[in-house]
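I opened this entry to look at how two chains meet. I wanted to know what each side brings to the interface.

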Amino acid sequence: MRPLNYHHKIILNNLLIYTITIAGAVFFAVQFTWFNSIRAIQNDLLQSGLDTNLYIQQQTASLKTNDEKAAYLNANASELYTSIVPFSRCHTELLALDGTVLAFNGGFEEPMHLTAEYEKCRDTGEPNFSVRNDNGLTELWMVTPILSKDNTVIGYTGYIFSLATALGIEHYLFSVLVITGVIGLGVLWICVSKFSNGFLRPIKDLTRISAEVNKGNYNMVIQYKKDDEIGDLTAVYNTMTQNINNVIMQLKSERQRLGSVLASLDDGLIALDRDGNIIASNSYLKTYFNVSNPKSVYDFRYQSFLRDIFDSLKQGQDFISEEVDCNGLQLLLTGSPIREPNVEENYMIIIRNVTATKTFEREQQKFISSVSHELRTPLTTIIGYTDMLKRRNVQDPQLLGSSLDTINHEGHRLVRLVDDLLSANSTQATEFTVRLTNVDLDALLRGVVDQMRIKCWQKEIEISYKAERNLKDVLGDYDRLSQIFINIIHNAMKYSEPGGIIDVVLTEENNQYLSVSIRDFGVGIDPAKKDFIFSAFYRVDEDRSRSNGEGGAGLGLYLVKQVVEKHNGKIRVDSEVGEGTNITVLLPVVDEPEDAHEA
Amino acid sequence: MKLKIITISSVLMILVLVLSGCSSIFIPNDTVLTVKPAVGKTAVIDSFTAAQPGNVRCFSNKDQYILTTGRSQTGYTVDQYQLSTGTLVNITSSETPIESVQSTEDGFYYLRQNSGDATHLQLIWSTNDKTLEKTVTDATEMTSRAFYAFGKNKAVYADSTNQLVFTDAAGNKTKYGLSDVLNVTDIVWSEDNQVGFMTASVDNSDNIGLYQILLKDGRLLINQIDSEVISMAFCPEKNIFAYICQKGEKADLYLLTDIRSLNLQKKLEQSNMERMTFDQGGDRIFYSLSADNVSGIRSTVWEYNLETGAYFQITAPIKLTSDILVPAKKNTLFYSTSEITSMENSKTLQNIKMINKLDYTSPKNE
């Protein structure tokens, strides 16, 4: 059977208490009423007995002995009885000393034998009574002694008092109390039901809202405005949920902030508890390890180094650092414990992608090595020739002239190398600027081609230039644009054999760009290396570039790309090994004003 | 669970008891029980006689006899009941009913109805030997039965014009006006203190008030003392005054030992107190209680001792028709009762008033 709910319990408890109370009250009310009725009747009958005593004393006052008085009583019972009957309002009997009924009346045909009462009265000398229920009649039977002046018993008076009236009153009282009790029970039931509904309503609201809070809805408020204990409870509850809501919002905000901070970190981060569960992390875990929503360190199946670091930290190591290769990346992992007072020890692992750094270090090493070599080579030549001239005291003008030419050439080469290094450095500077003016690219290229023609002739390379007519200007830095085209042509020369051809073509593309194409028919570039030719310090063929005396730091095309991008342009490389290379530079044209066109 | 069992058992038990016919648990059926009497003490009757007919009125001045009134074949009589012999001697008679008799130093005043006019009364003074008799009031002067004899053949009464009249045996009167609304029903007077008391109703209402009356500088001053007064009594020997008034369901008896002050002392409280008198010495008050538990109108006579405060019943319920006269320092009552004849069931009740003399012994103090 389903247990009773609190509402029903309140009602039942109240009804039970009321029933017990009313039943008890009815019981005791009836009992005491009956008792008091009997007592009142007793007192009346006792008074009647006293009155009888006084009367008979009065009538027998002249007699000297008790026996005479008793005899007088016996002899004059009828007359005496007539006089004492009015003293009580019930059936009265005059009894002799031996209990014989001397006179009676009261509507009875025969005397009532108050034997038991008489015997006890005789024995005790005190009035005695009993309540008798005989043939449906309830009566009080009493016998009192008739005393002479010296308290000697000379006879008895018996009374039989009908308790019908008292009983009727008692039954009436009982009925009234029971009916009142039943009516009260009904009224109580209604009142308690209503009261308990009202009383439980805020509790039900409390329950409902608690369920909502349990679901995470902390904005619920209990509407109970009365100033009582329930009102105090609901006020406190509302304050509590509001505080919880505020704290949760605060925590969410903190978490979001933390998430933002973690997301903004350039490094990956995992915070672990003592069981290896992830407390916090950022998205780099997915990036580096390709693991989504890990819950613990043990979810990284292929990254055992994380578990190893965790185990080491758990064993008490204060700091641990390790470099690993993972998915083509070089990662630096540093782990340390997080220790706060009164907080369980947790652990943090920072994952830093040092691939670029390592690459840069390697490139830097290569650059230093390359630069060192490039610097050493002309310096060695210069020193060699100067040593020779000094040592041999060369007088031969031809030898002297060629040696000096060589020294001069190598010196220029050093200067170019230093210029390239400075240019590369300047493009890295934040203040690398270009002075933009309208540039006639056709005129610029003609100048560059003329400038490079001599060098090409020296290497037996033919250079040609073609341009479309009526081309628009570009907005650019004349000197820098000149430099980049010099660098591209220079590069083309480097990788062309003697007898080769370099074609420079200027066209307009899509009415938005001017396209400068510099085509050589040299060795070409391995497709695998094509994307690196614009990287700093990168040279496709180290040996080749050094052997023909050109050398370089690998910065030329890097500089070209920087300058083209600074001009909002694009650069493109098309090359095939053995077929040559075509480098195309696109520069945005300057839109002429309409009135100018009209002009 | 345990509590539920106890609760349900208690409920069932109570219901069984309640519904079991309401038998009293305090007074079981068919069981004889001894009762310790809770009623009051009673006197012990030593002797009793009811030999002479008559209605007891007052002691004579010399205490040798009691003046009574009675009926004769010729009319209404004033008689002397000789205390020593118990014999009855006729003093005077009247054709009209004699309402009241009070003794004075040399004689007595008696109040009789006017001939042919029952509403008016006449106050008559007579010597004890009836050698001299004077009608003190005019024919229509008195309608109230309130009069009081005092001192040397003097009396005070309320006349029909709402005046208080002080008179002597010669008919010399001094009158004082009363309020028109007061209807005097009884009066007593102390000549020595010039203070008296009267009971009166206001506009004939049922509420009888008690008033103190003072003669000061020739003026009559009236102070109301109480209301719902049942009876009053004055003891000229000690100049003490007492009265009974109704207080709720009970009656209170108040004593005034200094009749000029209003320093009332409540002495007794009992239900159904009726008339009262002092004994001649002023040491005791005798009063009657209406007996409710008896058939008919009967009263019991009680004694209240002013010194000890003890009170007890003296007589069985009797049909008391007179005041209770008690000599000083004696346990003897003189009173009259009505003896109802066999003609009780007829429309005309025949009362034979008998003079009762009862000697008793006071109950022992326990």
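**Notes on the interface**

I started with the strands: β3 of chain A pairs with strand β1 of chain B (residues 33-34) in the antiparallel sense, over 2 bridges. I looked up one partner in β1(B) and found that A:Phe129 is bridged to B:Leu33. I note that the model is predicted.

Next I asked how many residues of each chain are in contact. I found 46 in chain A and 45 in chain B. The two chains bury about 4100 Å² between them, and 65% of that is on carbon and sulfur atoms. I then checked which residues of chain A lose the most area to chain B: they are A:Phe27, A:Leu54 and A:Gln58, together 15% of what that side buries.

I turned to charged pairs and got a count of 1 salt bridge between chain A and chain B. The side chains of A:Lys149 and B:Asp46 meet in a salt bridge, with N to O at 3.3 Å.

Last, I asked which elements of chain A supply the side that touches chain B. At least two residues each come from α1 (6-59), α4 (115-124), β3 (128-134) and α5 (164-215). The largest share is from α1(A), with 25 residues. I sorted the residues of this side of chain A by kind and wrote down 23 nonpolar, 14 polar and 9 charged.

Terms used. Residues numbered from 1 in each chain as written. Chains lettered and ligands numbered in written order. Predicted model: local features only at pLDDT ≥ 70, side-chain atom pairs only at ≥ 80, totals over all residues. Heavy atoms only, no water. Contact = heavy atoms within 4.5 Å. Buried area = accessible area lost by both parts, 1.4 Å probe. Salt bridge = Lys/Arg side-chain N within 4 Å of Asp/Glu carboxyl O. Helix = DSSP H or I, 4+ residues; strand = E, 2+ residues; numbered from the N terminus. Nonpolar A, V, L, I, M, F, W, Y, C, P; charged D, E, K, R; others polar. Pairing = 2+ DSSP bridges.
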